[in-house]
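Work through the following exercises with the model open beside the page, and try each task before reading its solution.

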Amino acid sequence: MTPGPDDRVDPEVPIEDVAGAVKDLIVAGKVLHFGLSEAGGATIRRAHAVQPITAVQNEYSVWSRDPEMEVIPVCEELGIGLVPWGPLGKGYLTGTITPRTTFREGDLRRMLPCLATEARRANWPVVELLQRVAARHQATPGQVALAWLLARHPWIVPIPGTTKISHMEQNVQATEVALTPADLGEIEDGFARIEVQGARSSEAILRQTDVGAKLGTSSRGGHRLSPLPGEKRSS
Ligand SMILES: NC(=O)c1ccc[n+]([C@@H]2O[C@H](COP(=O)([O-])OP(=O)(O)OC[C@H]3O[C@@H](n4cnc5c(N)ncnc54)[C@H](OP(=O)(O)O)[C@@H]3O)[C@@H](O)[C@H]2O)c1
């Protein structure tokens, strides 16, 4: 199973039921692997206890760090891969989306607070940081954004999205960009001084998202996404 938007944690169904259904399909030979998308640490643990998870697909990139608090340590502990979506900041980290860029009608990025015109202006230092490192490697800022993810852990593999062959080729070449410890330190130090403006997603979607940016806020606490087995379902 390839994790994707349809695999986000269902607030109406205990994750054990979902994992159990996938387990049945795996036993029947109809499914090879189990993945979750935008899952928090507690949900990952509960699902993994029923059917081992192969990969988790959460948003993760240089400027969107939610998984670092909880999800990455859990994936490391349980031996689960992380395939970050939005690794290019939905295009912003490539430096090709400026405050002047107009998103087409129907482009979902119109609804993202981090890509509102003012936020694009305020967040530009993130792009400049990547551009500085990229210049030393004769690379693009987008390639550095991908190389940064590839350098985190061997089991973190970004999945950039594109509609253009030339962009896909450029993104693949990010595997050739070998960031040095100094490069990685510069990105971390630089990013620590930048306060990203605007949430990564709309408020309505984030309210439904089982990310658990803080320990204990996923699944069991906070917004109580993925009810426990036998628990009264959320209304
Ligand atoms: N699990 C989930 O909930 C979830 C949510 C969203 C997305 N996803 C998946 O994750 C994947 C990636 O996420 P994403 O597409 O949202 O974000 P992304 O990979 O961070 O950014 C994609 C954007 O960057 C642009 N881009 C890509 N390569 C570029 C390059 N070399 N130079 C300049 N611009 C470039 C693309 O435009 P062009 O088409 O012009 O290249 C596109 O607008 C997608 O395959 C998507 O299916 C999963």
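The exercises below concern a predicted model, and they go from the whole chain to single pairs of side chains.

**Exercise 1. The overall make-up**

Task: Find how many helices and strands the protein has, and describe their order along the sequence.

Solution: Begin by counting the elements, which gives nine helices and three strands. Next, read along the sequence, where the pattern is α-β-α-β-α-β-α-α-α-α-α-α. Finally, take the contacts between residues at least 6 apart in sequence, among which 71% join residues at least 24 apart.

**Exercise 2. Leucine 108 and isoleucine 159**

Task: Decide for leucine 108 whether it is buried, partly exposed or exposed, and do likewise for isoleucine 159.

Solution: Leucine 108 lies in the loop between strand S3 (81–82) and helix H4 (117–122). Its relative accessible area is 62%, and because exposed means over 50%, leucine 108 counts as exposed. Together with Met111 and Ile205, Leu108 forms a nonpolar patch on the surface, with about 300 Å² of accessible area for the three together.

Isoleucine 159 is also in a loop, the one between H6 and helix H7 (165–172), and at 36% relative accessibility it counts as partly exposed. Leaving aside neighbours within four places in sequence, isoleucine 159 is in contact with Gln57, Val83, Pro84, Trp85 and Pro87.

**Exercise 3. Salt bridges**

Task: Find which side chains pair with glutamate 68 in salt bridges, and which parts of the chain are joined by the pair of arginine 132 and glutamate 186.

Solution: Side chains of opposite charge can pair when their charged atoms come close. A search of the whole structure finds 17 salt bridges. Glutamate 68, which is partly exposed at 28% relative accessibility, meets arginine 65 at 3.1 Å, N to O, and arginine 65 counts as buried at 14%. The side chain of glutamate 68 also meets that of arginine 152, again at 3.1 Å, N to O. Glutamate 68 lies in the loop between strand S2 (55–57) and helix H3 (71–78), whereas arginine 152 is in helix H6, so this pair ties together parts that are 84 residues apart in sequence.

Now consider arginine 132 and glutamate 186, whose side chains form a salt bridge at 3.9 Å, N to O. Arginine 132 is in helix H5 and glutamate 186 in helix H8 (residues 181–192), and the pair links distant parts of the chain, 54 residues apart. Both count as partly exposed, arginine 132 at 47% relative accessibility and glutamate 186 at 24%. To finish, trace the network of salt bridges that links Glu38, Glu59, Asp66, Lys90 and Arg200.

Conventions: Residues numbered from 1 in each chain as written. Predicted model: local features only at pLDDT ≥ 70, side-chain atom pairs only at ≥ 80, totals over all residues. Heavy atoms only, no water. Patch = residues over 30% accessible without salt bridge, like charges linked within 9 Å, V, L, I, M, F, W, Y side chains within 5 Å. Areas by Shrake-Rupley, 256 points an atom, 1.4 Å probe, with all protein chains shown as cover. Salt bridge = Lys/Arg side-chain N within 4 Å of Asp/Glu carboxyl O. Helix = DSSP H or I, 4+ residues; strand = E, 2+ residues; numbered from the N terminus. Buried < 20%, exposed > 50% of the residue type's maximum accessible area, 1.4 Å probe, protein only. Contact = heavy atoms within 4.5 Å.
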